[in-house]
Amino acid sequence: MSRTARLFQLMQVLRSPPQPKTAESMAQDLGVSARTVHRDIEALRGLGAVIDGEAGYGFTLIEDATLPPLGFTNDELEALVLGLREVELIGDPELAKAAGQALRKLKGRLPPRQSHRLAHAVLSATRFDRPAPPGIEVSQLRQATWDELVVALSYTDAKGAITTRRVSPLTILYMDRASMLIAWCHLRQDFRAFRLDRMQLLTVTDESFRPNRVPLLRKALDGIRAESAKLAADRKER
C-alpha cells in the first residue's frame, strides 16, 4: 500500500465510530505498526487535518474547513451525485435547493480529476411523477423533528375530512408519489403516516418529547416492516 493510500485509509478509520481511536486499534485495522500510525497522524496534521488526542489516550478527527481535499472512490462519487440529484427532484423546495448547493460545494472541494468526474457523471435521475408539493413549510417540520418538539397541524384525509392534530414528528419519508411524515398521533394514541401535501397550518409548540424520538421511531419502523411482511405473505397465499 502506498503512503498516500494509507493516509487516506487512516482518515476513514478516524472518522468511524467509536471514538477516540487508539493507535493500536488503528494499526490493527490498517495492518501496520502503532509507530507508523503515530507518524501518519503527524503527517495528516501537517497537511491541515485537525486531530485531537495523544498517545495513550486515543485520537479523534475533528472535521473542519482546514481538512485536505476530499477523496472518494469512483463508485462513491457516482452514488453521491445520483443521491443528490434525486433529492433535487423529490425534496421539498428548501431541501432541493440545498442538494444543488451541496453538489456545487462538493465539486469545489474535490481534486481536479474527481471534480471533472462529478461534473460529467454517467448517472442521472429523473421523475415523471413527482410527489405533490407540501402544504406546509417542511423546513420547520424537519427542525421540529430534530428538536423533538410536538407540532400542531390541520390535516385533510383521503375522504376530505379535516381534523386538527397534535403529533410527535419522528421522520419524513420521501416515497414515489407522496412525501410522508411518520409520527405519534396524540389524537389516535398510535403511530400514523401523514402526507405532507394534505397538511396545513403547521405550528411548532414548546412541548418537548425528548429523548423519545429514536425509540419511538424504531418502534414505528418495526411496525411498518411487520405490516409489509404480512401483506407480502398474504399476496403469496392468493
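Start at Trp-184. This residue is partly exposed, because its relative accessible area is 22% and the buried class ends under 20%. The model is a predicted one, and the values below are computed from it.

Trp-184 takes part in a ring pair. Its partner is Phe-191. The ring centres of Trp-184 and Phe-191 lie 5.1 Å apart and the planes stand at 80 degrees, so the pair is edge-to-face. The cut-off for that class is over 60 degrees.

How many aromatic pairs does the count come to? The answer is two. Tyr-155 and Phe-194 form an aromatic pair too, again described as edge-to-face. Here the centres are 5.1 Å apart, with 85 degrees between the planes. This pair links distant parts of the chain. Tyr-155 belongs to strand 3, residues 149-156, while Phe-194 sits in strand 6. The two are 39 residues apart. Are Tyr-155 and Phe-194 buried or exposed? Both are buried.

Now turn to the sheet. Which order do the strands follow? Five strands form an open sheet, and the order is 6-5-4-3-7. The pairing is antiparallel. Strand 6 (190-195) and strand 7 (199-208) are the edge strands, each pairing on one side only. On average, neighbouring strands of this sheet are turned by 45 degrees against each other, direction ignored.

One point to find along them is Leu-181, which stands opposite Phe-194 in strand 6. That is the Phe-194 of the aromatic pair with Tyr-155.

On strand 5's other pairing, the partner is strand 4, residues 162-174. Seven bridges hold this antiparallel pairing. Within it, Thr-171 has Ile-182 of strand 5 as its bridge partner.

Is strand 5 enclosed or open to the outside? Six of its seven residues are buried, so strand 5 is largely enclosed by the rest of the structure. Trp-184, at 22%, is partly exposed. Strand 4 and strand 5 form a hairpin with four residues between them. Strand 5 and strand 6 form a hairpin as well, with four residues between them. In the turn of the strand 5 and strand 6 hairpin, Gln-189 has a positive phi of about 55 degrees.

Next come the charges. Side chains of opposite charge can pair when their charged atoms come close. A search of the whole structure finds eight salt bridges. One of them joins Asp-190 and Arg-192, at 3.5 Å from N to O. Asp-190 counts as partly exposed, because its relative accessibility is 34%. Arg-192 is also partly exposed, at 33%.

Asp-197 and Arg-195 form another salt bridge. Their closest N and O atoms are 3.0 Å apart. Asp-197 has a relative accessibility of 23%, so this residue counts as partly exposed. Arg-195 is likewise partly exposed, at 23%.

Arg-198 lies in the loop between strand 6 and strand 7. At 24% relative accessibility, Arg-198 counts as partly exposed. Trp-146 is 52 residues from Arg-198 along the chain, and their C-alpha atoms are separated by 22 Å.

Which residue does Glu-148 pair with? The partner is Arg-210, with the closest N and O atoms 3.4 Å apart. Glu-148 is buried, because its relative accessible area is 10% and the limit is under 20%.

The last stop is a nonpolar patch on the surface. Leu-82, Val-122 and Leu-123 form this patch. Together they have about 260 Å² of accessible area. Leu-82 lies in helix 4, residues 74-90. With a relative accessible area of 32%, Leu-82 is partly exposed. Patch residues need over 30%, so Leu-82 passes that cut-off at 32%.

Terms used
Residues are numbered from 1 along each chain as its sequence is written. This is a predicted model: local features need pLDDT of at least 70, side-chain atom pairs count only at pLDDT 80 or more; totals for chains, interfaces and linings use all residues. Side-chain values use heavy atoms; hydrogens and water are left out. Two strands pair if DSSP finds at least two bridges between them. Axes are lines fitted to C-alpha atoms, for helices over the stretch in contact, and angles run from 0 to 180 degrees between N-to-C directions. Patches are made of residues with over 30% relative accessible area and no salt bridge: like charges are joined within 9 Å, nonpolar side chains (Val, Leu, Ile, Met, Phe, Trp, Tyr) within 5 Å. Accessible areas come from the Shrake-Rupley method with a 1.4 Å probe; for residues, only the protein chains shown count as cover. A salt bridge is a side-chain nitrogen of Lys or Arg within 4 Å of a carboxyl oxygen of Asp or Glu. Buried means under 20% relative accessible area, exposed over 50%, partly exposed in between (1.4 Å probe, protein chains only). Rings of Phe, Tyr and Trp (its six-membered ring) pair if their centres lie within 6.5 Å; planes under 30 degrees apart count as stacked, over 60 as edge-to-face and the rest as tilted.
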